[in-house]
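My notes follow the order in which I checked things.

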Amino acid sequence: MKKSTTLMMAVTLVTLAAGLVIAEINVPEKVTFTPRFGTVTFNHAEHLSVGDCISCHHTGDYVSCSSCHGSQPGISNAKDAFHANCIDCHKEAEQGPIGCRACHVN
């Protein structure tokens, strides 16, 4: 019982901290992408509990991925960048969706 209470407290604290970080840097809690294959919703708060911003926003600028990916020569398009970054991270963590329809919904 003691372990489950401690775990619940830790999850609550991480969730609260993630919410504060999101509010501090003024990012949306969720971001929705609408590719042809089906809508993908990315939950920032959920991901802050397992990683940091720089993992995805690798330039240090907190702008949309498509501001570089797909709009500048020599940089992979957004689709390839998302698939490589998201799926590889989910596989490494052995957590999160890795199949197409797990992320892309209609």
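The entries below go from the overall layout to single side chains.

**Ground rules.** I am working from a predicted model, in which local features need pLDDT of at least 70, side-chain atom pairs count only at pLDDT 80 or more, and totals for chains, interfaces and linings use all residues. Residues are numbered from 1 along each chain as its sequence is written, and side-chain values use heavy atoms, with hydrogens and water left out.

**Layout.** I looked up the secondary structure and found 4 helices and 2 strands. Helices (H or I, at least four residues) and strands (E, at least two) are DSSP runs, numbered from the N terminus. Along the sequence the order is α-β-β-α-α-α.

**Surface and contacts.** I took accessible areas from the Shrake-Rupley method with a 1.4 Å probe; for residues, only the protein chains shown count as cover. The protein exposes about 8200 Å², and 61% of that comes from carbon and sulfur atoms. I call a residue buried under 20% relative accessible area, exposed over 50%, and partly exposed in between (1.4 Å probe, protein chains only). Of the 106 residues, 12% count as buried. Contact means heavy atoms within 4.5 Å. Among contacts with a separation of 6 or more, 34% join residues 24 or more positions apart.

I then checked the strands. Two strands pair if DSSP finds at least two bridges between them. Strand β1 (residues 30-33) and strand β2 (residues 40-43) pair antiparallel over 4 bridges. Val31 sits opposite Phe42 in β2. The two strands form a hairpin with 6 residues between them, and Gly38 in the turn has a positive phi of about 145°.

**Aromatic pair.** I pair rings of Phe, Tyr and Trp (its six-membered ring) if their centres lie within 6.5 Å; planes under 30 degrees apart are stacked, over 60 edge-to-face, the rest tilted. The count comes to 1 aromatic pair. The ring centres of Phe33 and Phe82 are 4.8 Å apart and the planes are at 55°, so the pair is tilted. The pair links distant parts of the chain: Phe33 is in strand β1, Phe82 in helix α3, 49 residues apart. Phe33 counts as partly exposed at 28% relative accessibility. Phe82 is partly exposed too, at 25%.

**Cysteines.** How many disulfides does the structure hold? I found 0, taking a disulfide as a pair of cysteine sulfur atoms within 2.5 Å. Cys68 is partly exposed, with a relative accessible area of 23%.

**His69.** Is His69 buried or exposed? His69 counts as buried, at 15% relative accessibility. I placed His69 in the loop between α2 (44-48) and α3 (78-93). Its side chain reaches the backbone oxygen of Ser76 at 2.8 Å. Beyond its neighbours within four places in sequence, His69 contacts His58, Ile75, Ser76, Asn77, Ala78 and Ala81.

**Glu94.** Last, I checked backbone angles. Most residues other than glycine have a negative phi. Glu94, not a glycine, has a positive phi of about 55°. Glu94 lies in the loop between α3 and α4 (100-103). At 75% relative accessibility, Glu94 counts as exposed.

How values were computed:
Polar contact = N/O pair within 3.5 Å; in protein donor to acceptor, adjacent residues only side chain to side chain.
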